Amino acid sequence: MGKAVIVMSKKKTIFLLVLCSILNNALSQTAVTIYTPKGSVVPDTYLRPELSSSQIEAANNYVATNYPNATRLTDASSTYNCHGYAWHITEGGSNVWIGYYTSTAEDIYWNDGSYMEICSQQYPAKVSYAFDNHSAVTTSTTDIFRSKWGDYPVMQHEKTYVPYNSSSLKYYIKTPSISGPDNFCTSDTYSIPNLPAGA
């Protein structure tokens with residue numbers, strides 16, 4: 001009888017520890033407002049607390065052991081994710097986690113016209129892993145990307161050498177600005193500077 005009570009007590013203790021951890025994560029993050037280049041609010045975006053030094057070390061060791069052919073570019077961090085890195089941080093923004101509760105928060109970047117899809121890979125470009133919840137950026141080397149792996153580090157890797165489904169990749173570039181008269185109903189000359197190949 002006493003032994004059964006101890007086991008039940010351990011289960012309750014473990015449950016409470018897990019519940020406290022989940023609540024601590026939920027309560028310690030802060031909603032933040034960031035914008036796309038076209039001025040739309042990026043939904044489901046948060047500032048999050050950092051991992052402990054032992055968690056950072058464990059995450060760094062995990063990618064070194066399990067992905068030896070990828071290069072770790074940063075330490076692990078829980079303050080930003082792949083979408084925050086690819087769409088916001090690489091454009092000069094601060095560390096944010098985009099899409100904590102949803103898997104489509106980053107879609108606003110192309111849905112509002114800030115970015116346009118292109119037919120093939122080029123540099124620089126953003127990459128959406130369309131069959132998974134992951135974003136990356138291209139590098140000057142074909143098929144070599146940089147991306148943040150959840151709480152793990154920013155990694156430089158071959159495009160399919162990731163813990164994500166890479167069977168469908170979509171490439172996006174910033175939508176070029178069009179210069180010319182405001183009235184499109186007149187006959188005049190318009191120009192699009194630096195229109196990228198494949199656009």
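1. Basis. The model is predicted: local features need pLDDT of at least 70, side-chain atom pairs count only at pLDDT 80 or more, and totals for chains, interfaces and linings use all residues. Numbering runs from 1 along each chain as its sequence is written, and side-chain values use heavy atoms, with hydrogens and water left out.

2. Overall make-up. The protein chain holds four helices and ten strands. Both are DSSP runs numbered from the N terminus: helices are H or I with at least four residues, strands are E with at least two. Along the sequence the pattern reads α-β-β-α-β-α-β-α-β-β-β-β-β-β.

3. Burial and surface. Of the 199 residues in the protein chain, 36% are buried. Buried means under 20% relative accessible area, exposed over 50%, and partly exposed in between (1.4 Å probe, protein chains only). The accessible surface of the protein chain is about 11,600 Å², by the Shrake-Rupley method with a 1.4 Å probe. Carbon and sulfur atoms own 55% of that surface.

4. Contacts. A contact means heavy atoms within 4.5 Å. Among contacts in the protein chain with a separation of 6 or more, 58% link residues 24 or more positions apart.

5. Strands pair if DSSP finds at least two bridges between them. Two bridges join β1 to β2 (residues 45-47). Threonine 30 faces leucine 47 of β2 across that pairing.

6. Partners of β9. Strand β9 (residues 154-158) runs antiparallel to β3 (residues 71-72), with two bridges. Here arginine 72 is opposite methionine 155. Strand β8 (residues 144-148) is also antiparallel to β9, joined by five bridges. Isoleucine 144 sits opposite glutamate 158 in this pair. The β8-β9 hairpin has five residues between its strands, and glycine 150 takes a positive phi near 55° there.

7. Threonine 139. This residue lies in the loop between β7 (134-138) and β8. Is threonine 139 buried or exposed? Threonine 139 is buried, at 11% relative accessible area. A polar atom of its side chain lies 2.7 Å from the backbone oxygen of isoleucine 144. Leaving aside neighbours within four places in sequence, threonine 139 touches Tyr123, Ile144, Phe145, Arg146 and Gln156.

Notes:
A polar contact is a pair of N or O atoms within 3.5 Å; within protein, one must be able to donate a hydrogen and the other to accept it, and residues adjacent in sequence count only if both atoms are side-chain atoms.
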